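Subject: Structure handover and notes

Hello,

Here is the structure you asked to look at. Please open it first, then read the notes below.

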Amino acid sequence: MSDSLQAPTAAAKPNPYQVAQQQFEKAADFMDLPGYLRQILSQPKNELIVNFPVKLDNGEYRLFKGYRVQHNNVLGPYKGGIRYHHEVTLDEIKALGAWMTYKCALHDIPFGGAKGGIKFNPRDYSAGELERITRRFTFALGQNIGPEHDIPAPDVGTNAQVMVWMMDTYVSLAGSEQPHVGRGVVTGKTIAAGGSHGREQATGQGIVHCITEWARDARCELNGATFAVQGFGNVGSHVSKILARTGASLTAAGDWKGYISNGEGINPYKLSEYVQRTGSVVGYPGTHTIPREQFFATEVDILIPAALELEIGVPEARAIRCKLIAEGANGPTDPRAEPILLEKGVHIIPDILANSGGVAVSYYEWLQNKRSEVWDLEEVEERLAKRMKRTFLAVSEYAATRKCDWRTAAMCLALGRIAKAYGERGIFP
Ligand code: NAD
C-alpha cells in the first residue's frame, strides 16, 4: 500500500469551492446554461464573517471565527447546516452553500442554499462552553438568519441540542409577539423544542431509499450484501442501522480516530452505543483496527462516505473495490477521482441526490412549525420515501436519455429549475 493513502489534511485536499465550481461548469456546459446565470451562480449572494469572544470555563476569553454564506435564494429562503470543525474555511462553506442550492432545487424543495460554521474543535470544549459559543454566534448572526430568511440546521460537529440553543437565543432576542413562530429559524431541533419526528435519521433514511432503488435496477440483492461506512456520526450511524434492516452487513467503518473491520459483520446498533460512550469506533470489541488505506481497499458491495468532503481522491479511487458509492457526505469525491471510478464500473449516487433526506425532513419540520402542526413518524416517512423515489427516478431517466453521469444529470435538473425561475422573474431592476 502506498503512503499516498494517508488521511489528507484539509490543506492537502483540492479547494472545495473550486471543486463545486468544476461540477457546476460541467453541468452548465452540458445543458448550455445562459451566461448571465453562470455569473450569478458562480458566487454566493452574501458572505458573512463574524469574530466573537466567549468566556471559557477557566475564566479566560477566546475569540472565535464564524461564517454564514448565503449562496442563492431564488427558489425560497436560504437553507443549510452549521458546521463546528477545526478545519472550517470560507471556501469550504462557500462550496457547501452552493451544493445546498442545487440539492433543494433538485428535490423541488422551496428553499435556497446556505451554509455556516465556526472554526474550532468542539471535542475540546465542555457542554457549557459549547452552549455559550453557540448562543454568542447566534447573537453575532443577528437578523442575518430568520424563519423566512435563512434557516440553519445541524452538520458536522453540531446536533439537535446546538439547534435548540440557536433557536432559543434567536427567539429570546427577536422579542416576537409570537415566539413559537420563531422556532422555525432552525431545523433539526429536539422533538420537545419543536423538531420533527424522523428528522434525526432522515439523511440516513434517504440514502437507504436511494440504495434500495439502485439495487432493484442493478439486480443486486441487498440481503447478504456488504457495506463500509466512513464517518460514524449522525449520517453514518443512521444509514448503517437502517441499511442493516435489509439484511446487508456492515464490514468496515471509520472516523476521525481510525478504522475498524470484521468480515463477519459489525452490529451497527451496538457500535452506535459504543461511539456514544467512547467518541469513536476505534476499539469496538470483536473488530480489528485497520489502516485507512485498507479501509478504502476493502471489497464491499456498497461504500458510503459519510465524513468530510474530498476524502476520495485519486489513490482512494484506484484502491476502491465496490459496486456502488452512495455519497452521504457532501462533496466526498474529487473530480479527478470520479472518472477512475466510473471507468471501473462503480456507480455513484451523487451527494445532492443521496443525502437530501435531511433537508427534505427539515422542510417538513419548518412547515410544521409554521402551521403549528405535529406530523407523526409514519406521515413524515411516507412523504420522504415518495420524494426520494421520485427524484431518484428523475435523475436516472435524465442520465439514461441524455447519456451523462448521474452527478451531471442531478445538477442539470437542479439548474433547469433555477434557470426557469430566473427566466420568468428577470433580474431587478
Ligand atoms: P457528524 O459530526 O455527526 O459526524 C461526522 C463523522 O465524520 C464523525 O464520525 C467523525 O468522527 C467523522 N470524521 C471527522 N473527520 C474525519 C476524518 N478526517 N476522517 C474520517 N472521519 C472523520 O456529522 P454528520 O451530520 O453525520 O455529517 C457527515 C457528512 O454528511 C458531512 O459531509 C455533512 O455535510 C453531510 N450531511 C449531513 C446531513 C445531516 O442531516 N446531518 C445532511 C446532509 C449531508
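Which residue lies over the face of Trp375? In this predicted model, Arg383 takes that place, 4.1 Å from the ring centre. There is a second case of this kind: Arg62 lies over the face of Phe64, at 4.3 Å from the ring centre.

Aromatic rings

Phe64 also belongs to an aromatic cluster, together with Phe52, Tyr84, Phe120, Tyr125 and Phe137. Across the whole structure, the search gives 16 aromatic pairs. One of them joins Phe392 and Trp406 in an edge-to-face arrangement, with 5.1 Å between the centres and 65 degrees between the planes. Phe392 sits in helix H15 (residues 377-402) and Trp406 in helix H16 (residues 406-425), so this pair ties together parts that are 14 residues apart in sequence. Phe392 and Trp406 are both buried. As background, the distance of the centres and the angle of the planes are what describe a pair of aromatic rings.

Helix H15

H15 has 26 residues, which should span 38 Å at 1.5 Å a residue; the C-alpha atoms at its ends are 37 Å apart, which agrees. Its buried residues include Val380, Leu384, Arg387, Met388, Thr391, Phe392, Val395 and Ala399. When you look at such a list, keep in mind that an α-helix has 3.6 residues a turn, so residues three or four places apart point the same way.

Helix H14

H14 covers residues 357-371, which is 15 residues. From its first C-alpha to its last it reaches 21 Å, close to the 21 Å expected at 1.5 Å a residue. Is this helix enclosed or exposed? Of its 15 residues, 13 are buried, so H14 is largely enclosed by the rest of the structure. The residue that follows H14 is Ser372, and its phi is positive, near 55 degrees.

Regards

How values were computed
Residues numbered from 1 in each chain as written. Predicted model: local features only at pLDDT ≥ 70, side-chain atom pairs only at ≥ 80, totals over all residues. Heavy atoms only, no water. Phe/Tyr/Trp six-rings, centres within 6.5 Å; stacked < 30°, edge-to-face > 60°. Helix = DSSP H or I, 4+ residues; strand = E, 2+ residues; numbered from the N terminus. Buried < 20%, exposed > 50% of the residue type's maximum accessible area, 1.4 Å probe, protein only. Lys NZ or Arg CZ within 6 Å of the ring centre and 35° of its normal. Expected span 1.5 Å × (residues − 1).
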